[in-house]
Amino acid sequence: MAAFVKAINAKIRSNPTVSYFCSTHFWGPVSNFGIPMAAVVDAQKSPELISGHMTLALCIYSATFMRYSLAIAPKNYLLFMCHFINEGSQLTQGYRYLNWHHWGGKEKAAAAAAAK
């Protein structure tokens with residue numbers, strides 16, 4: 001059985017395209033894309049639900065892994081794009097959080113609701 005698995009692995013690794021799609025260099029970023037997708041979807045929800053601490057943590061996380069994805073050899077551009085999109089969406093969420101909680105967004109929304 002071990003020889004069979006070894007032969008299959010050798011066959012997969014002999015084709016560069018198939019080898020890439022069977023590697024963590026591909027599947028790591030693909031599985032990570034759930035984070036930016038969730039942040040993009042959450043941009044449509046109320047800013048009252050945003051956690052400032054988690055948004056800050058995700059901004060730092062994505063900035064760190066954007067740097068990491070370009071520092072490794074070979075460079076992982078798919079991982080870079082995943083974290084680039086996440087960084088942008090988390091910065092948007094951070095702006096919405098600050099606007100709602102610290103820059104008067106909550107009061108403006110309450111005044112607009114009272115005016116109706």
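A word on bookkeeping: residues are numbered from 1 along each chain as its sequence is written. Since the model is predicted, local features need pLDDT of at least 70 and side-chain atom pairs count only at pLDDT 80 or more, while totals for chains, interfaces and linings use all residues; side-chain values use heavy atoms, with hydrogens and water left out.

Two packed helices are described by the angle between their axes and the distance between the axes. Axes here are lines fitted to C-alpha atoms, for helices over the stretch in contact, with angles running from 0 to 180 degrees between N-to-C directions. Helices themselves are DSSP runs (H or I, at least four residues), numbered from the N terminus.

Start with helix 4 (residues 34-42), which packs on helix 6 (residues 77-101) at an angle of about 30°, the axes being 9 Å apart. The two are therefore roughly parallel, a label for angles under 35 degrees. The crossing of helix 4 over helix 6 is left-handed, meaning that the near helix is turned anticlockwise from the far one by less than a right angle. On the helix 4 side, Ile35, Pro36, Ala39, Val40 and Asp42 do the touching, and they meet Cys82, Ile85, Asn86, Ser89, Gln90, Gln93 and Arg96 in helix 6. Contact means heavy atoms within 4.5 Å. Sorted by class, this contact has 6 nonpolar, 4 polar and 2 charged residues. For the classes, Ala, Val, Leu, Ile, Met, Phe, Trp, Tyr, Cys and Pro are nonpolar, Asp, Glu, Lys and Arg are charged, and the others, Gly among them, are polar.

Helix 3 also packs on helix 6: their axes come within 8 Å and cross at roughly 10°. That makes this pair roughly parallel too. Phe26, Pro29, Val30 and Asn32 of helix 3 make the contact with Leu78, Leu79, Cys82 and His83 of helix 6. The residues of this contact divide into 6 nonpolar, 2 polar and no charged.

Gln90 sits in helix 6. Beyond residues up to four places away in sequence, Gln90 touches Ala39, Thr55, Leu58 and Cys59. Its C-alpha atom is 9.4 Å from that of Met54, 36 residues away along the chain.

**Salt bridge and exposure**

Side chains of opposite charge can pair when their charged atoms come close. The structure holds 1 salt bridge, defined as a side-chain nitrogen of Lys or Arg within 4 Å of a carboxyl oxygen of Asp or Glu. Lys45 and Asp42 form it, with the closest N and O atoms 3.4 Å apart.

| Residue | Relative accessibility | Class |
|---|---|---|
| Gln90 | 5% | buried |
| Asp42 | 30% | partly exposed |
| Cys22 | 40% | partly exposed |
| Lys45 | 45% | partly exposed |
| Ser14 | 53% | exposed |

Cys22 is in the loop between helix 2 (16-21) and helix 3 (24-32). Setting aside neighbours within four places in sequence, Cys22 is in contact with Ile12, Arg13 and Trp27. Another loop, between helix 5 (52-71) and helix 6, holds Pro74. The peptide bond from Ala73 to Pro74 is cis, with omega near -5°.

Ser14 belongs to helix 1 (residues 2-14). C-alpha to C-alpha, Ser14 and Ala43 are 43 Å apart in space and 29 residues apart in sequence.

Key
Parallel < 35°, antiparallel > 145°, perpendicular 65-115°, else oblique. Buried < 20%, exposed > 50% of the residue type's maximum accessible area, 1.4 Å probe, protein only.
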